[in-house]
Amino acid sequence: MPKKKGELSIEERLEQSIVAKEEEPYKLPNNWVWTTWEEISDIFSSKRVLQKDWQKEGIPFYRTREIVALAKDELFSNELFISQEHYDSLAKETRMPKAGDLMVTGIGTIGICYLVKENDCFYYKDASVLCVSKKGDINSEYLKYLMKTPFMVSQIKKNSAGTTVDSLTINKYKTYKLPLPPLEEQKRIVKKLDSLFEKIQKIKEIIEEVKEKTTSRREAILSKAFSGELTEKWRGENKNFIPVDEILLRVENEKQELIKNKIIKKSSKIEPITENDILFDIPQSWKRIKLNDIAFVTKLAGFEYTKNIFPNLVEKGIPLFKGKNVQDGKIVYEFESYIPESISDELPRSQITKKCLLTPYVGTIGNIALFEGNFKAHLGSNVGKIEVFNNFNENILEKYLLYYFRSCYGLAQLKKHRKATAQESISIEAIRDCVIILPPLEEQKEIVRVLDKIFEEENRISELISLENKIEILEKTILDRAFRGELGTGNSDDEPAIELLKKCLEER
């Protein structure tokens with residue numbers, strides 16, 4: 001009859017606490033050992049605090065959201081407390097977190113950990129937060145870094161898969177494997193990681209500062225462009241240009257010709273511009289008009305998708321532009337779906353055959369990008385197209401409209417009719433209703449020329465900002481190497497980790 005766990009000798013318990021060779025996730029240095037969290041820590045939760053016992057002051061009561069904020073060192077306003085008397089009563093009945101313990105989120109955003117500091121005093125929500133109290137001399141900072149590694153994140157996610165809400169239970173936590181180095185090596189790893197991540201944090205702060213300055217500068221320049229300030233000197237030096245009224249007359253003639261030839265349908269009536277649309281003065285040579293007056297705005301109808309698109313999806317053919325193909329003012333040329341050209345030709349209204357603007361009307365409202373029209377494509381779900389009436393004459397620059405909609409004025413127009421649903425959305429009529437600030441064609445060209453030059457310089461700054469993704473990968477790589485013993489901090493003279501593990505077991 002096999003012995004019960006309490007009847008085992010320390011040597012037998014030590015043998016059971018080590019992960020079997022064939023189950024080791026990866027190879028470790030010789031003086032390290034694979035074990036589980038159950039062997040090196042006590043994992044427990046709190047006694048339930050009823051909602052009626054929550055107060056507006058007293059001892060802080062932490063849930064997942066507060067632990068996440070603490071872990072990220074973010075400012076937050078604590079909303080819930082319990083009385084000192086209630087806290088003292090709970091302290092007599094259950095273990096309280098102490099300095100060096102890890103508070104780990106167990107519901108929703110799981111696996112985020114906060115290392116309890118010396119003067120911390122709080123209580124925490126049962127199940128939502130777990131307390132991990134290390135045994136023996138194991139370095140708490142080492143365990144905190146370990147929780148951030150791709151290896152630990154993968155274990156936690158894998159075990160929470162398939163549930164409605166991600167959860168991390170005590171029983172699950174106990175089974176997670178962890179690499180345990182000698183104590184002195186733990187200290188060296190922590191010191192090395194502290195140094196590396198301090199440098200990385202400084203780089204992040206510099207990038208964040210650049211982003212803020214770049215965003216502020218961009219908004220200021222775009223604001224000047226569409227108030228007339230950017231080209232004020234140009235207007236004083238250039239008087240010989242086609243008036244906006246004449247351009248609008250050409251646009252209207254083209255629009256009526258397209259309707260007459262049944263190339264497009266007459267759109268529903270759009271309300272005229274009101275005083276509420278006039279938020280600031282513009283130059284006398286400019287006009288305010290509605291987007292519907294100068295462009296054909298449409299989408300793929302729901303019945304067209306159901307009847308024509310969905311049944312005819314193929315692996316190669318005419319690509320479908322979806323909302324996800326428009327990101328951060330740029331077109332993403334990675335397509336998920338295609339249809340045969342013959343099917344696309346049956347739906348000319350939602351075909352894309354020339355230069356146009358594309359903007360999602362579900363999800364990220366206000367995002368917009370310019371498609372150059374250098375290949376045939378088709379509208380897919382959740383994205384609308386804006387085709388300027390430029391067929392017979394060059395009237396309005398698409399690039400000008402792109403910059404306009406990326407300004408605070410244009411963005412506000414795209415968002416003014418958005419519906420506050422689970423996913424933000426606007427109608428095609430809402431896009432048609434956007435107020436456009438329109439200068440003469442030659443001034444449009446000058447505005448685009450100046451903005452192109454300015455944003456070309458800012459694109460160089462964007463290369464620095466793109467380092468963020470590389471830094472995130474670097475962080476994961478450093479953590480991964482640290483817990484494989486590959487940071488160059490190892491020392492073969494250290495007391496083997498198995499001795500440290502043995503001391504942990506002796507604490508039981």
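Contact, as used on this tour, means heavy atoms within 4.5 Å. The model is predicted, so to speak of local features requires pLDDT of at least 70 and side-chain atom pairs count only at pLDDT 80 or more, while totals for chains, interfaces and linings use all residues. Residues are numbered from 1 along each chain as its sequence is written, and side-chain values use heavy atoms, with hydrogens and water left out.

Select Arg235 to begin, in helix α9 (residues 232-237); helices here are DSSP runs of H or I with at least four residues, strands runs of E with at least two, numbered from the N terminus. Arg235 is buried, its relative accessible area being 15%, where buried means under 20%, exposed over 50% and partly exposed in between (1.4 Å probe, protein chains only). Beyond its neighbours within four places in sequence, Arg235 is in contact with Gly228, Pro283, Ser285, Trp286 and Glu443.

Next, select helix α4 (residues 84-93), in which His86, Tyr87 and Leu90 are buried. These three lie on the same side of α4, because they cover an arc of only 100 degrees around the axis, the arc being that of the directions from the helix axis to the C-beta atoms. Glu85 and Lys92, on the other side of α4, are exposed.

Finally, select Leu401, which touches Leu291, Ile294, Leu357, Val388, Ile396 and Ile436, residues up to four places away in sequence not being counted.
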